[in-house]
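Here's a quick tour of a protein model, written for someone who likes to know the cut-offs behind the numbers. Have a look at the structure first, then read on.

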Amino acid sequence: MKTSPVAVALALLAALVLGTAFASPALAHDRLKSSNPAKGAKVETLEEVKLTFSATVRFPKIAVLSGDEPHQDGKAVADGPVVTQKVKGDLPPGSYVIAYRVVSSDGHPIEGEIPFTLLGSAEPPPSESSPPASSASPAPAESTAPGGDPAAGTPVTTLSPAAAAGESGESGSSGGVPGWMWIVVGGLTGVGIGLFFSMRGRKQP
């Protein structure tokens with residue numbers, strides 16, 4: 001039985017297609033899927049850089065650069081397809097570049113650069129100045145004597161001892177002549193009358 005040339009050609013074509021299909025995954029290299037910050041992003045703060053690849057990567061190296069000055073803190077850490085790199089605190093606002101290099105699962109190196117801009121945290125609004133204290137001196141508090149009712153608004157003013165004594169003397173003098181004065185006057189009057197009658201009796205023969 002002879003095989004037709006057409007059948008041979010179809011068999012070879014099928015083998016070529018199948019071989020290419022199985023070889024394609026092996027020939028495809030790993031790639032960067034996403035990054036944080038993303039390429040061209042503008043962020044307010046930055047504590048770490050995170051890169052995610054299409055497969056597990058090894059030997060990661062990441063530099064966060066502002067010009068030629070590095071700002072990464074420590075070494076990059078790979079956890080499967082995710083690579084994390086800490087950065088130094090208090091980064092000044094400006095333009096930065098993430099330069100990375102890793103080794104893919106098939107041993108092929110992957111490297112690139114990701115530019116981004118750090119805006120910095122928004123500054124807090126200035127605190128309002130406290131109003132100036134009143135220059136007016138406080139009014140003196142009125143002292144209240146026992147029995148006064150401050151809540152009712154009728155405080156009883158307490159007098160000093162000297163003022164109290166003065167008022168006491170004025171009230172005593174305005175009340176009339178003391179009783180002892182009347183006794184003295186009465187005694188003197190009686191003595192005068194007795195002397196008058198005694199002298200009159202001596203003059204008579």
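**Ground rules**

This is a predicted model, so local features need pLDDT of at least 70 and side-chain atom pairs count only at pLDDT 80 or more, while totals for chains, interfaces and linings use all residues. Residues are numbered from 1 along each chain as its sequence is written, and side-chain values use heavy atoms, with hydrogens and water left out.

**The overall picture**

The protein chain holds three helices and nine strands. Here helices (H or I, at least four residues) and strands (E, at least two) are DSSP runs, numbered from the N terminus. Going along the sequence, the order is α-β-β-β-β-β-β-β-β-β-α-α.

How much of the chain is buried? Of the 205 residues, 16% are buried. The cut-offs are under 20% relative accessible area for buried, over 50% for exposed, and partly exposed in between (1.4 Å probe, protein chains only). The protein chain exposes about 15,700 Å², and carbon and sulfur atoms supply 62% of that. Those areas come from the Shrake-Rupley method with a 1.4 Å probe; for residues, only the protein chains shown count as cover.

As for contacts (heavy atoms within 4.5 Å), take those between residues at least 6 apart in sequence: 53% of them join residues at least 24 apart.

**Salt bridges**

The count comes to two salt bridges, where the rule asks for a side-chain nitrogen of Lys or Arg within 4 Å of a carboxyl oxygen of Asp or Glu. Here they are side by side:

| Pair | N to O distance |
|---|---|
| K86 and E48 | 3.2 Å |
| R101 and E111 | 3.5 Å |

The K86–E48 salt bridge links distant parts of the chain, since K86 sits in strand β7 (residues 82–86) and E48 in strand β3 (residues 48–53), 38 residues apart. Both ends are partly exposed: K86 has a relative accessible area of 46%, and E48 comes in at 28%.

The R101–E111 salt bridge has R101 in strand β8 (residues 94–103) and E111 in strand β9 (residues 109–118), so it ties together parts that are 10 residues apart in sequence. R101 is partly exposed at 40% relative accessibility, whereas E111 counts as exposed at 57%.

**The largest pocket**

What volume does the largest pocket have? It's about 200 Å³. A pocket, on a 1 Å grid over the protein atoms alone, is an open set of points where a 1.4 Å probe fits, with protein on both sides within 12 Å along at least five of seven lines; lining residues have an atom within 4 Å of a point. Grid points are joined across faces, edges and corners, and the volume is the space filled by probe spheres set on the points.

The lining has 13 residues, with E44, T45, D90, L91 and S121 nearest the centre of the pocket. By type, the lining splits into five nonpolar, four polar and four charged residues. Nonpolar means Ala, Val, Leu, Ile, Met, Phe, Trp, Tyr, Cys and Pro; charged means Asp, Glu, Lys and Arg; the others, Gly among them, are polar.

Setting aside neighbours within four places in sequence, S121 is in contact with E44 and T45. S121 and L46 are 75 residues apart in sequence, and their C-alpha atoms are 10.0 Å apart in space.

Most residues other than glycine have a negative phi, and most peptide bonds are trans. Which residues does the cis peptide bond join? The pair is N36 and P37, with omega about 10°. P37 is in the loop between β1 (32–36) and β2 (42–43).

F59, not a glycine, has a positive phi of about 50°. F59 belongs to strand β4 (residues 58–66) and is exposed at 60% relative accessible area.

D90, one of the residues nearest the pocket centre, also has a positive phi, near 55°. D90 lies in the loop between β7 and β8 and is exposed, with a relative accessible area of 81%.

**A histidine in a loop**

Is H71 buried or exposed? At 6% relative accessibility, H71 counts as buried. H71 lies in the loop between β5 (69–70) and β6 (77–79). Not counting residues up to four places away in sequence, H71 touches V64, L65, S66, V87, K88, L91 and Y96. Of these, L91 is also among the residues nearest the centre of the largest pocket.
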